[in-house]
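Q: Hey, can you help me look through this structure? I'd like to go over a few spots in plain words.
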Amino acid sequence: MKRPASFVFAAAMFAACSAGLTAPAHAQDRPLLRISSGAADNASLDPHRATSTADKGVAAQMFDALVRFPAGSADPKALEPDLAERWEASPDSKTWTFHLRHGVQFHAGYGELKADDVVYSIQRAADPNRSSFAATFALIDKVEALDDYTVRFTLKYPDAAFLGRVSNYHGGNIVSKKAAEKLGDKFGASPVGTGPFAFGEHVTQQYVKLVANDAYFRGKPKLGGIMYRMIPSDSARELAFTSNEIDIMQGKREQRWVERSAKRGMQVDIFEPAEFRTLHINRNIKPLDNLKVRQAIAAAINVDEIVRYAGKDVAEKGCSVVPNGYLGQDCGAGGYAYDPDRARKLLAEAGFPNGIEIKSIVSNISAQQPIMEIVQAQLAKAGIKLNMEVVDHATYQAKSRQDLSGLVFYGAARFPNADTYLTEFYDSAAAIGAPAAMSNFSHCSVADDAIRQARVEPDAARQLALWKEAQAKIHDDVCAVPLFGLKQVWVHSDRVNYGYALKGALNLQPPITELTTVKAP
């Protein structure tokens with residue numbers, strides 16, 4: 001079958017750029033998989049800095065961890081050996097010892113993975129100056145290499161869910177110590193891991209190319225590489241897919257789009273985890289420091305209407321600031337009742353009988369802007385004018401972390417445990433501008449004691465009670481309005497075989513493994 005010119009051109013470009021890489025030349029003879037996540041560009045491929053969906057998805061192909069979620073799974077009960085072939089924990093879950101595989105090679109000639117690389121990687125992941133996930137590793141008292149293939153962690157307090165922290169997700173990924181020290185701040189532009197694909201080339205706002213790592217310890221990939229195309233326009237991306245210029249793309253997480261695409265014969269993938277959509281209320285910006293104003297905002301938002309728009313197959317209404325399905329979620333406090341008349345009354349009681357204006361930085365991606373337009377219309381009915389500054393997604397991320405937004409619409413999926421979400425979004429230590437800043441856009445602090453006590457509580461029942469207390473306090477103080485969980489929606493060509501059953505992916509993109517294949521158009 002004659003290949004389209006675009007496929008031949010892409011393959012030629014791939015072959016040309018691969019010539020100077022460490023990947024074997026015969027990788028050029030294997031097919032190239034072409035993907036578009038809808039991102040305008042990749043900000044960083046450093047796994048300890050990759051926070052956006054697009055960045056995490058690309059980085060995930062290049063790095064491994066001590067343990068991993070099997071391809072196609074987001075179930076923490078299914079964690080299995082990765083760079084560690086076995087491990088054991090002390091009876092009190094405070095000491096964990098991992099035994100590494102022998103012979104695992106880093107990309108680009110950086111040599112064999114050793115225990116020193118693991119120690120360096122975890123210390124790096126725990127450093128807020130070098131990692132966006134430092135809070136995840138704050139419980140580690142010490143990590144040490146006992147020999148070249150044995151690593152021991154000593155924790156400050158028991159953590160039965162510790163394996164999730166060192167899994168192939170966020171800061172758990174292992175980097176080459178030698179490469180990271182050599183490249184410094186430039187590591188995110190030339191990442192070095194042990195995964196099935198190695199970094200090839202990044203052309204700003206055009207593409208990122210990865211090449212097959214034929215020395216991968218699980219076996220030589222069936223693909224020659226992956227090209228991540230930057231196609232932020234939904235219509236342009238869909239056109240590229242239907243014209244066979246890309247093989248996998250991120251779809252719209254909208255019911256109507258899903259149903260229309262399925263009718264057109266597209267292979268639609270809907271999978272977990274849902275990214276939990278929350279509207280954070282920034283009390284650092286007046287008049288949002290007033291509780292009655294925050295209560296008015298909550299009363300003015302009709303979550304049921306938003307969920308109906310998103311759709312039954314892709315959206316599930318939230319009942320707490322902790323996402324649906326997470327261990328420790330408690331819905332006892334209930335949601336906020338939609339009542340625009342009460343919202344107006346609350347504003348008047350707060351001293352704003354003529355209403356208020358709020359500024360919000362909003363991403364132009366299809367998973368955010370339409371929802372915020374609905375919120376804008378709902379708030380207007382209660383006398384709240386929402387001035388939206390619509391920007392590209394990278395700018396939205398940056399400006400939100402500069403505390404420039406009164407309302408921050410944020411979607412995230414984390415390890416499914418209440419502590420991970422409460423710590424990142426509602427502990428004051430994680431507030432924007434704090435030394436350990438993560439994603440507490442609300443500047444919430446009312447539940448600090450309960451969150452921190454739960455984190456170190458060895459008794460499971462008591463821990464659940466503390467998480468419940470934290471959620472109730474956050475609810476009563478209206479730090480944020482929980483909206484809904486939005487599942488991942490991707491589309492793949494019938495020429496693509498993932499090599500596994502796709503039910504979940506914590507990195508929010510279909511994993512591409514050594515077993516993934518694609519047939520030429």
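Q: Is asparagine 244 buried, exposed or partly exposed, and what kind of model is this anyway?
A: This is a predicted model. In it, asparagine 244 counts as partly exposed, because its relative accessibility is 26%, and a residue has to be under 20% to be called buried.

Q: Where does asparagine 244 sit?
A: You'll find asparagine 244 in the loop between helix H6 (234-242) and strand S11 (248-250).

Q: What's up with the phi of asparagine 244?
A: Phi there is positive, near 65°, and asparagine 244 isn't a glycine.

Q: OK, on to H6 itself. Which residues of H6 are buried?
A: Arg237, Glu238, Ala240 and Phe241 are buried in H6. Looking down the axis of H6, these buried residues fall within an arc of 160°, so they line one face of the helix.

Q: And what does the face of H6 turned away from the buried side carry?
A: That face has the exposed residues Ser235 and Leu239.

Q: What covers the buried residues of H6?
A: The cover includes strand S1 (32-36), S11, helix H7 (255-263) and strand S17 (480-492).

Q: New topic: prolines. What kind of peptide bond joins glutamate 272 and proline 273?
A: That one is a cis peptide bond, with omega at about 0°. Proline 273 is part of strand S12 (residues 267-281).

Q: Is proline 273 buried or exposed?
A: Buried: the relative accessible area of proline 273 is 10%, and the cut-off for buried is under 20%.

Q: Which residues does proline 273 touch?
A: Leaving out residues up to four places away in sequence, proline 273 touches Ala74, Ala413, Leu486, Gln488, Ala505, Leu506 and Leu508.

Q: Is leucine 508 buried or exposed?
A: Leucine 508 is buried, with a relative accessible area of 1%.

Q: Is the crossing of H8 and H10 left-handed or right-handed?
A: The crossing of H8 and H10 is left-handed.

Q: Which residues make the contact?
A: H8 brings Lys292, Val293, Gln295, Ala296, Ala299 and Ala300. From H10 come Pro340, Arg342, Ala343, Leu346, Leu347 and Glu349.

Q: How many nonpolar, polar and charged residues are in the contact of H8 with H10?
A: By class, there are eight nonpolar residues, one polar and three charged.

Technical notes
Residues numbered from 1 in each chain as written. Predicted model: local features only at pLDDT ≥ 70, side-chain atom pairs only at ≥ 80, totals over all residues. Heavy atoms only, no water. Helix = DSSP H or I, 4+ residues; strand = E, 2+ residues; numbered from the N terminus. Buried < 20%, exposed > 50% of the residue type's maximum accessible area, 1.4 Å probe, protein only. Left-handed = near helix turned anticlockwise from the far one by under 90°. Contact = heavy atoms within 4.5 Å. Nonpolar A, V, L, I, M, F, W, Y, C, P; charged D, E, K, R; others polar. Arc of directions from axis to C-beta.
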